[in-house]
Amino acid sequence: MISFCRFTELRKFSVAPVVSSSVHYDAANAVARDHWNAWADALIVERQRLEKEKLWQCHDWGSSKPRSENPETQEWLNRATADFREVLFSRAKDDRSTRSRVSGIEMKEDKVVQCAGRAIDFRGYVFPGHVLFSEAVFDGWVWFQDAKFYGVATFTSARFCSWAGFQKAKFFGFAEFNDVTFVDNAVFEEACFECEVRFDLSEFKLGNIRKAMFKGEAS
């Protein structure tokens, strides 16, 4: 499982320099993305090998709790999971003390990621297994354009405090956006949902699903 600490090591959000040049930022972000995707792509190749050798036995892959009685598959599921529950992704420049508060939400300091650049940037990121953003807070613009979610994507009770972009993102597994708060625009233009997606009890200021594809049940 990719924990919060391991994520900051791979993504290098916490050590990325704050630069004024968009060119420098884009280059640094590309390096971080490639570093992350190398980990993800290796797991995808490994899953394909398990499938070829008929060792892939996953139950409820399209649900919020994928599981397996097969040890090889379960071990893969564990390693492919990325857990960002209750993490605050922040673009604020102020020093935060023991606790961090955003829009009335109190967060633990040891779960704060200070993001450099123009946005909280996940453009083109690959998530090979279950990814959990439950109760995460995104304090600033967040970009998930062209991201690929191969497993379950759980955003339950997350809060997007500014513009959120999911243009052309691909969700190959179950996508859960229940009870999510989008304070600003939520853009899912040309996003593709291969399986079920849920937006139950979520709040939108503005939503854009132009040319989005829903191949499974959507609520």
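User: In this predicted model, is Phe 171 buried or exposed?

Analyst: The relative accessible area of Phe 171 is 0%. A residue counts as buried under 20%, so Phe 171 is buried.

User: Which parts of the chain does the pair of Phe 171 and Phe 193 tie together, and how many residues apart are they in sequence?

Analyst: The rings of Phe 171 and Phe 193 are stacked, at 4.7 Å centre to centre with 10 degrees between the planes. Phe 193 also counts as buried, at 1% relative accessibility. Because Phe 171 lies in strand β15 and Phe 193 in strand β18, the pair ties together parts that are 22 residues apart in sequence.

User: What angle lies between the planes of Trp 56 and Trp 76?

Analyst: The structure holds 48 aromatic pairs. One of them is formed by Trp 56 and Trp 76, with 5.1 Å centre to centre. This pair is edge-to-face, and the angle between the planes is 85 degrees.

User: Where do Trp 56 and Trp 76 lie?

Analyst: Both Trp 56 and Trp 76 are buried. Trp 56 lies in the loop between α2 and α3, so its pairing with Trp 76 ties together parts that are 20 residues apart in sequence; Trp 76 itself lies in helix α3.

User: How many disulfides does a search of the whole structure find?

Analyst: Cys 192 is buried, with a relative accessible area of 9%. A disulfide requires two cysteine sulfur atoms within 2.5 Å. The search of the whole structure finds a count of disulfides of 0.

User: Which residue of β20 stands opposite Asn 185?

Analyst: Strand β17 (residues 181-187) pairs with β20 in the parallel sense over 5 bridges. Among the 6 residues of β20, the count of buried residues is 0. The residue opposite Asn 185 is Leu 206.

Note on methods. Residues are numbered from 1 along each chain as its sequence is written. This is a predicted model: local features need pLDDT of at least 70, side-chain atom pairs count only at pLDDT 80 or more; totals for chains, interfaces and linings use all residues. Side-chain values use heavy atoms; hydrogens and water are left out. Buried means under 20% relative accessible area, exposed over 50%, partly exposed in between (1.4 Å probe, protein chains only). Helices (H or I, at least four residues) and strands (E, at least two) are DSSP runs, numbered from the N terminus. Two strands pair if DSSP finds at least two bridges between them. Rings of Phe, Tyr and Trp (its six-membered ring) pair if their centres lie within 6.5 Å; planes under 30 degrees apart count as stacked, over 60 as edge-to-face and the rest as tilted.
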